[in-house]
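Hi there,

Here is the structure I promised to pass on. Have a look at it first, and then read on for what turned up.

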Amino acid sequence: MLTDVERRDIERELAHYPDKRAACVEALKIVQQYRGWVSDEDLKSLAALLEMTPDELDGVATFYNLIFRKPVGRHVVFLCNSISCWAMGYDAVRERVQKRLGVAFGETTPDARFTVLPIVCLGACDRAPVMMIDRDLHGRVEPDKVDAILERYR
């Protein structure tokens, strides 16, 4: 069930679109902003409000890699694995992040602080390799800088 605050924020977004369905990505982002992820129950409530089926909305939610359909840690670490980042040292950065946190892609640390996910492109090829933690973009990441970057989010 959507909260009054979530419903209000979604209704505000709906005013910008001629069709409720067109606001589905923004509505998913609003629910995720308040809850950290979008559960099956959240999806059903949201689909009803948007006059969509849950399956239609789930198709949108699972298409966008910034919508989380299962719980994530307090901080989400995205590692860009585009060709530019790969050529500039992605593998070493990935190995360092995963070793430091003790988790593989798609996993969350036992303390629920970090979830590590791959992402196809962060649009910062000129600063490769890059990673994004929450909304903070970190460029020209070197394996020996990973620990200090992660410490900022402890």
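**The cavity**

The largest cavity is lined by L79, C80, Y90, V93, P129, V130, M131 and V141. Two elements, β1 and α6 (90–101), each give two or more residues to that lining. By residue class the lining comes out as eight nonpolar, no polar and no charged. The space inside the largest cavity is about 40 Å³, and the structure has one cavity of 30 Å³ or more. Please keep in mind that this is a predicted model.

**The aromatic pairs**

I also looked at the aromatic rings, and the count is two pairs. F63 and Y64 make an edge-to-face pair, with 5.0 Å from centre to centre and 90° between the planes. F63 is exposed, because its relative accessibility of 63% is over the 50% cut-off. Y64 has a relative accessible area of 39% and is partly exposed.

The other pair is F68 with F78, which is stacked: the centres are 6.3 Å apart and the planes are at 20°. This pair links distant parts of the chain, 10 residues apart, with F68 in the loop between α4 (54–63) and β1 (75–80) and F78 in strand β1. Are F68 and F78 buried or exposed? F68 has a relative accessible area of 11%, under the 20% cut-off, so it counts as buried. F78 is buried too, because its relative accessibility is 3%.

Best wishes

Key
Residues are numbered from 1 along each chain as its sequence is written. This is a predicted model: local features need pLDDT of at least 70, side-chain atom pairs count only at pLDDT 80 or more; totals for chains, interfaces and linings use all residues. Side-chain values use heavy atoms; hydrogens and water are left out. Rings of Phe, Tyr and Trp (its six-membered ring) pair if their centres lie within 6.5 Å; planes under 30 degrees apart count as stacked, over 60 as edge-to-face and the rest as tilted. Buried means under 20% relative accessible area, exposed over 50%, partly exposed in between (1.4 Å probe, protein chains only). Helices (H or I, at least four residues) and strands (E, at least two) are DSSP runs, numbered from the N terminus. On a 1 Å grid over the protein atoms alone, a cavity is a set of points where a 1.4 Å probe fits but cannot get out, and a pocket is an open set with protein on both sides within 12 Å along at least five of seven lines; lining residues have an atom within 4 Å of a point. Grid points are joined across faces, edges and corners, and a volume is the space filled by probe spheres set on the points. Ala, Val, Leu, Ile, Met, Phe, Trp, Tyr, Cys and Pro count as nonpolar, Asp, Glu, Lys and Arg as charged, and the others, Gly among them, as polar.
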